[in-house]
Structures are given as C-alpha cells and as structure tokens.
Amino acid sequence: GRNAYCLFEPSMNRGAHEELALTQDLRRALANQEFSLHYQPKLRAPAGPLMGVEALLRWHHPEQGMVMPDRFIPLAEKTGLILEIGRWVINEACRQLAQWRAQGMEVPSVSVNLSATQFRSPGLFGKIRDALEANGVPASSLVLEITESTAMHDPDASLAILQRLSELGVGISIDDFGTGYSSLLYLKRLPASELKIDRGFVRDLVAGGEDAAIVSAIIALGRTLNLAVIAEGVETAAQQDLLTELGCTSLQGFHLGRPCPATEFAARLA
Ligand code: C2E
Ligand code: CA
Ligand code: CA
C-alpha cells in the first residue's frame, strides 16, 4: 500500500500472530484469575536467617500452562496492561505477607518488582499506600525492586519518585545492578536501601577473577553509601562461599531456595 511494499515471511506472520493472541489472552488473565505469585527467599549470607522474600509473577495460561514473566511482561508493558497487573501484584504480595504474619510466620519483608512504566506512572504512590493500608502492612515491610536502568533513565525524575516513596517508608532495591549505567553522583543521592548484584556477575564467579573484582567493587560502593548488597542467581555452594567472603550482606538463588507458591514456601519455612 501507499507505493510501498514489504517482504513478508510466513514465520514473521506466525510470530506476530502468536504475540497478538497472547496479548488478547493477557487482557483476560486478570479477570480470569490466572496470575499467581511465587516467592523466593532472600537470606542473610551465608545461609540465613530469612531477610525477606521476592515475589515473582506467574501466569497460568489455560492452554499453554505456566508462562514466565520474560515472555509476557514485555507485552504487558507495550499494551499498558502492566499498570493493572502491577497493582494486583503489589496488593497480592501485601495480602500474602499479612496472612503469613497472622499465621505466626516471621517474614521480615516482601519485595515486588516494578517495571519502568509502572515506576513512572502517576498513580503508583497511591496504589502502594492503599495496598499497605488495606492489608495492614507497615511500609517498612515492603521493598520495591527497580532496575538500575529504570532508575538511571531520567535520573532527576527517578529521584523525585524515589524520594516520595522512601518518605512513605518502603525499601528500595536497585535490581540488576552493574548492567545499567549508574551515575555515581545520582546513586549517592538515591534514597535506596539495597543494591542487587546482577546474576551475570555471579554466574562465572571464581576467586581472583574479573567478576570477583567487580563484585568487590560493588560491595565497597554499597558500604560507602550505606546500602545492603545482595547477590542474585546463587546456584552453587562455591558462589555462596565466595560471595560471603567478599562481603555480600544477603544472598538469593536456586542454591538457597527456588521460587515456589506461597503454601509450599510456608511449608518449607516451617
Ligand atoms: P528479576 O527481578 O531479576 O528476578 C529474578 C529472576 O531470576 C527470576 O526469574 C527468578 O526465578 C530467577 N532466579 C532466581 N534464582 C536464580 C538462580 O539461582 N539462577 C537463575 N538462573 N535464575 C534465578 P523469573 O521469575 O522468570 O522473572 C524474570 C523477570 O521478570 C524478573 O527478573 C523481573 O524482571 C520480571 N518480573 C517477575 N515478576 C514481576 C512482576 O511482578 N512485575 C514486573 N514488573 N516484573 C516482574
Ligand atoms: Ca528482582
Ligand atoms: Ca535481577
């Protein structure tokens, strides 16, 4: 059309079609109660006690089974559905924490991931305050995880949002740290409580290697700025030991506990 043409491959058609179909299903997923949260422990290094849990979103698709967030969060972002889904996540995480506490379980905090769109949406502050209030959860028990890239994109705006949130009393974790482009000048001013070292630095961690030097530098930075430093993606005892030795405050990963549904998490904790 319009004096233009483009080449069209059946495989492109299939990819686009699948994405469209999945997006349509995503629109109904909330109403159909197809979402759930899995929880993964964050432990004080080397092996506990429990510092908190990270809530990770799961989509139970009626035909495709469990769909992982890397597949549908981008679609949710593109369509704006992330705002409604994100609100559900925040509320569900608070509800679950309150329920665990009512059952006598000691879970110090719950961490929730915020996407870039969510983080910049004007309604975020109100949604968080409402979720805390509705579930009787103190702000200090909620941690918001935003990626370093999100935090450093338009740093002045991020700073203003984070200041307001931290005045509310929630914790702020800078996720995937080391993969973005932090301005140290801004990092110094960010009211964050935690740096989370990206699992890319943990994967090939060996004593004396480059990644160990980078991890040490991040830990030193965290100390200077008075931030807790947690490593994610800890899959082996060797990584657990080395990260502890390097001075990581907390650890998270398959080796210490895989993400699982709330009931299973409660059973494991007991
Ligand atoms: P993330 O925030 O970096 O979350 C950690 C991811 O690493 C999770 O994948 C978790 O299951 C996985 N993981 C945990 N331990 C290990 C380990 O030892 N080794 C390896 N290889 N992986 C480990 P998951 O649940 O598939 O989530 C992927 C991403 O999707 C998350 O990355 C986060 O960016 C996003 N996400 C998850 N839940 C939500 C949500 O509720 N809202 C938003 N906006 N994003 C979410
Ligand atoms: Ca995270
Ligand atoms: Ca991460």
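Tutor: A polar contact is a pair of N or O atoms within 3.5 Å; within protein, one must be able to donate a hydrogen and the other to accept it, and residues adjacent in sequence count only if both atoms are side-chain atoms. This is a predicted model, in which local features need pLDDT of at least 70 and side-chain atom pairs pLDDT 80 or more, while totals for chains, interfaces and linings use all residues. Residues are numbered from 1 along each chain as its sequence is written, chains are lettered from A and ligands numbered from 1 in the order written, and side-chain values use heavy atoms, without hydrogens and water.

Student: What makes the pair between Glu235 and ligand 1 a polar contact?

Tutor: A polar side-chain atom of Glu235 lies 2.5 Å from a nitrogen atom of ligand 1, so the pair is within the 3.5 Å limit. Arg58 has a polar side-chain atom 2.8 Å from an oxygen atom of ligand 1, and for Asp175 a side-chain N or O atom is 3.0 Å from a ligand oxygen. The protein covers 86% of the 800 Å² of accessible area (Shrake-Rupley, 1.4 Å probe) that ligand 1 has on its own.

Student: Which residues come nearest to ligand 1?

Tutor: Of the 24 residues around ligand 1 (a heavy atom within 4 Å), these are Gln40, Arg58, Arg199, Glu235 and Phe254. Strand 2 (50-61) gives the largest share of this shell, 4 residues.

Student: How do you know that ligand 1 sits in the largest pocket?

Tutor: More than half of its atoms lie within 2 Å of the grid points of that pocket, so ligand 1 is said to sit in it. A pocket here is an open set of points on a 1 Å grid over the protein atoms alone, with protein on both sides within 12 Å along at least five of seven lines. About 1,100 Å³ of space lies in the largest pocket. Its lining (an atom within 4 Å of a point) has 39 residues, with Glu54, Leu56, Pro69, Asp70 and Asn113 closest to the centre. Strand 2 supplies the largest share of this lining, 5 residues.

Student: Why is the space beside Leu83 and Ile90 called a cavity and not a pocket?

Tutor: A 1.4 Å probe fits at its points but cannot get out, so the space counts as a cavity.

How values were computed. Helices (H or I, at least four residues) and strands (E, at least two) are DSSP runs, numbered from the N terminus. Grid points are joined across faces, edges and corners, and a volume is the space filled by probe spheres set on the points.
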